[in-house]
Amino acid sequence: MNWFRTHRSNCADLWRGLCRGGPWALVGLLLLAAGPAQATVRVTDVAFSPRSDGQGYVVRVRTTADPEAYMLQPVGEHELKWVLYNTSLHPDYEQRAPEGPIKNYTTTQQNGHLILRVTLASDRAISPTAYRDGVSSDLLLNLAYEGSAPVAEASSGSSTTASSSSSTSGAVSESSPTTSPPGGTTQRDPMAAMSRERSRLDTVVIDPGHGGKDPGAVAFGLYEKDIVLNVAHKLGDYIENRLDLEVAYTRTDDRFIALEERGHFANRVGGDLFISLHANAFQSSDVQGTETYFLGRSKTDAARRVMKQENSVVREYEENPDRYDEYNAEAFVKGELFLSASMQFSEEFASIVQNQFKERVKRRSRGVHQAGFYVLWSASMPSVLVELGYLTNRQESRFLNSDRGQTYLASALFRAVRKYKNQYNKGIVSSE
């Protein structure tokens, strides 16, 4: 399901049709922007740099503005086709010599779109991933050697954690586990590696909300940031030990990370599912219960209240709050056209989470809602924000702060991930 992080369908019907078309159809999903194309984007440079961990290369396509859409797909045994829509070469563009695992590459113009064809060396398996740079308009192609370790700081096992700021260098945080066929010999075909990555749910990103200078909700001497971090670790341990999935954490300790960077980190590590954990607060101590949100326009006053509360971190603690000005209602309405498929899967997972809380943990369910949370906006995959309960309710705060309560909540979330994974993988298998 890693294809979802950069190639999203603009309608659920298209998604279902592509599922029936097999894994290569999934690779070809487009990230379509709403509305007609504006001025053509120009590519000024195509640069190459080794990953900082030595486990791959990064191709950086420098552009004059954000390309509105792109598509990466395999062509032949060792060749990639990368289409940049409504994009052309800048008059001053000069082609560099290829480096690393890239034998050669070409740039051609066709029907107003720029096509980059990349021929890879055949001496080792490579897992390619394309995504947008989090701090510029550039596009990045990560060519990770199979079996490479993630660049980001590791907390335990295969888990990774985000840094507090984006990097503008060629280094990326990608993990591509080595896969062996039944005979025990490592698969060396880079296109087969790409197929494997795109046809399974592989990586869950767990985001413990707040942290560092941002305590989150505070009540009865308890801090939201501490409770959600404990639940995050328990959840991650369950997933790593009981499911064949990788886990990445946006933070593993008490540090502050900007909301936008959390989603960008999930994109960089190839997340297939993003879970942001929070605890709620309200002026009335009688309010209690769990609720789960997915990205969408707020439809109730309660959802808008929670959204404002979580998004207020930007103005209170972040150094550059103006960068969120683009996350406005108008932009979201336009974006809904290409977010619809992701929203569908996010809503499905959110419903599974709430059902687990209600049936397994016997928590009061406040339902599934949608709202424009900044932390979900930049994540290019199915994403949810989970409110584990209300710290301002005396009884519920005791539950949230207890090892028993945190274990139950983590267990319910684990069961939700397991059910979602099984449903998704079953759909992929039946389509192949």
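View 1. Glutamate 261 pairs with arginine 268 in a salt bridge, and their closest N and O atoms sit 2.4 Å apart. Here a salt bridge is a side-chain nitrogen of Lys or Arg within 4 Å of a carboxyl oxygen of Asp or Glu. This is a predicted model, in which local features need pLDDT of at least 70 and side-chain atom pairs count only at pLDDT 80 or more, while totals for chains, interfaces and linings use all residues. Residues are numbered from 1 along each chain as its sequence is written, and side-chain values use heavy atoms, with hydrogens and water left out. Both glutamate 261 and arginine 268 are buried (buried means under 20% relative accessible area, exposed over 50%, partly exposed in between, with a 1.4 Å probe and protein chains only). Helices (H or I, at least four residues) and strands (E, at least two) are DSSP runs, numbered from the N terminus. Just past α5, glycine 270 takes a positive phi of about 75°.

View 2. Glutamate 291 and arginine 366 join their side chains in a salt bridge, at 3.2 Å from N to O. The pair ties together distant parts of the chain: glutamate 291 belongs to strand β15 (residues 290-295) and arginine 366 to strand β16, 75 residues apart.

**View 3. Arginine 62 reaches aspartate 138.** By the salt-bridge rule, the count comes to 12. One of them is between the side chains of arginine 62 and aspartate 138, 3.7 Å from N to O. This is another link between distant parts of the chain, with arginine 62 in strand β2 (residues 56-63) and aspartate 138 in the loop between β8 and β9, 76 residues apart. Arginine 62 counts as partly exposed because its relative accessibility is 34%, whereas aspartate 138 counts as buried because its value is 7%. Salt bridges with shared partners connect Asp45, Arg60, Arg62, Arg96 and Asp138 in one network.

**View 4. Strands β8 and β9 side by side.** Strand β8 (residues 126-132) is mostly covered, with six of its seven residues buried. Seven bridges join β8 to the antiparallel strand β9 (residues 139-145); two strands pair if DSSP finds at least two bridges between them. Which residue of β9 is the bridge partner of isoleucine 126? That would be tyrosine 145.

View 5. Lysine 362 is in the loop between α8 (329-360) and β16 (365-371). Its relative accessibility is 62%, so lysine 362 counts as exposed.

**View 6. Tyrosine 420 in helix α11.** Helix α11 (residues 403-431) holds tyrosine 420, which is buried because its relative accessible area is 2%. Tyrosine 420 and alanine 350 are 70 residues apart in sequence, yet their C-alpha atoms are 9.9 Å apart in space.
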